[in-house]
Amino acid sequence: MVQHVPSDETQEKRDARTIFIGNLSPEVAKKRPLQKQLHHHILALVPTAKIESTRFRSVAFKTPTSKLPQESGEAKKDTQRRQHEQDRASSWRAAQVTDEATKKDEKKFLTPSQKKRIAFINHEIHTNADSVHAYIVFAYPQPADSRPANLPPPPFVMDPFEAARVAVENCNGTVFLDRMLRVDAVAKSSAAAKSSDSTLLSSAVGEPKLTIFVGNLDFASSEEDLRVYFEGVVSAERGPPSAELSQDGDRPKFWVTRVRMIRDRDTQLGKGFAYVQFADRTCVDEILALEPGKLKFAKRKLRVQRCKTISSTSAVTDTSSSEPARIPDRAPVPDVPKGDPSLGEKLANLSKEQRKQAKAANADRVARRMAKKTARMALAKQGVPMQGKQRERVRKTTGAKKIGGAPPKNGTRGRVRSEKSIAQRNTKK
């Protein structure tokens, strides 16, 4: 049956009815029965929806499909040396009369996308591939006008935008083929479709306060192994998770709700770090409270930190609101009182010691200097660079002070300092 797609549909609206599924087994991309099982798994949680298409991405192939970087050195010199010959050949071809037979004999190279398509059709997936990603697009309901009058009315089909939203809520964190799925919405804003709700879409986005950064991972590590490891660590500290099921009755509860491993675009190998999201903040505190040497995964000591920002792939922004984005509040900077401009004239005729005593006795000047110091410290905490003269104190050596002076008494030579020692003295305040 031909799927109905409105003629005025834009790419943004298509993304609004598309969901992303991560941590799938590579066998799903190879075998059609497993793809049908995946569809049944999704439609079991979204009963009245209908799937239009499924695309697989992030597949590691046996042979490289991307353009390899050109080698520098001898190959580059050889190209420059033969540039004159290439120009002569190109000018000769342009002068010749080309016919259809000549065009057929021309050599054509495959593009990277064509190489990936051929490798995917031939199932040339790398044996060490750990996971693949999928994009599922929900279908529009068939219009009543396109159905013959002698046939019964078609069954009810859920709106595709509503189906994508419900699928993100119900399918995220479910288990398929012994793997916990990571389901996200592809749409980035609610302006793509009027029926989508950005506030509900944002409920499936990972929370930075519940997430930790995990570094020093092995490049061949898998998301499922990392999830099982942290699930065991938290279970050892807090006990097994609650045996109660969620509201839908199909999704069990885990301490680890999401694992996102950053991978290379071409090889699909891990880059050595990942983000792990937990069910609550207590799990994050338990992991960070452990001794650094206690967290070992694949014979490597893990480096864990609290996540501070939202990843760009899961950030959802609402552009439909006309209100400008709110800037987070910063610590207030104290006001610096103005100085007395006539103070310099009063101290102009005094000696150096008298000027010091007069400045120290001036309460307004002392308060102003303290306010300036407090303001500089507040701006430094906010990351604002300090303005003004950045003076560098340089101490003169004994030899520099006494250039041309009399030699030391008793013929003794003063202390000779190295350049490193002089630099250390200059850095001291």
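This is a predicted model: local features need pLDDT of at least 70, side-chain atom pairs count only at pLDDT 80 or more; totals for chains, interfaces and linings use all residues.
Residues are numbered from 1 along each chain as its sequence is written, and side-chain values use heavy atoms, with hydrogens and water left out.

**View 1. An open sheet of four strands, order 2-3-1-6.**
Pairing here is antiparallel; two strands pair if DSSP finds at least two bridges between them, and strands are DSSP runs (E, at least two residues), numbered from the N terminus. Strand 2 (51-57) and strand 6 (182-185) sit at the edges with a single partner strand each, so one side of each has no neighbour in the sheet. On average, neighbouring strands are turned by 20 degrees against each other, direction ignored (axes are lines fitted to C-alpha atoms, and angles run from 0 to 180 degrees between N-to-C directions). Zoom in on strand 1 (residues 18-24) and you'll find four antiparallel bridges to strand 6, where Arg-182 is the bridge partner of Gly-22.

**View 2. An open sheet of four strands, order 8-9-7-12.**
This one is antiparallel too. Strand 8 (256-263) and strand 12 (303-306) are its edge strands, each pairing on one side only. The twist averages 25 degrees from one strand to the next. Strand 8 and strand 9 (residues 270-278) share six antiparallel bridges, and Arg-258 has Gln-277 in strand 9 as its bridge partner.

**View 3. A patch of positive charge on the surface.**
Lys-359, Arg-369, Lys-372, Lys-373 and Arg-376 gather here. Patch residues have over 30% relative accessible area and no salt bridge, with like charges joined within 9 Å; areas come from the Shrake-Rupley method with a 1.4 Å probe, and a salt bridge puts a side-chain nitrogen of Lys or Arg within 4 Å of a carboxyl oxygen of Asp or Glu. Helix 14 (residues 363-381) supplies the largest share, four residues, and Arg-369 lies in that helix; helices are DSSP runs of H or I, at least four residues.

Technical notes. Patches are made of residues with over 30% relative accessible area and no salt bridge: like charges are joined within 9 Å, nonpolar side chains (Val, Leu, Ile, Met, Phe, Trp, Tyr) within 5 Å. Lys and Arg count as positive and Asp and Glu as negative; His and the chain ends are not counted. The place of a charge is taken as NZ of Lys, CZ of Arg, CG of Asp or CD of Glu.
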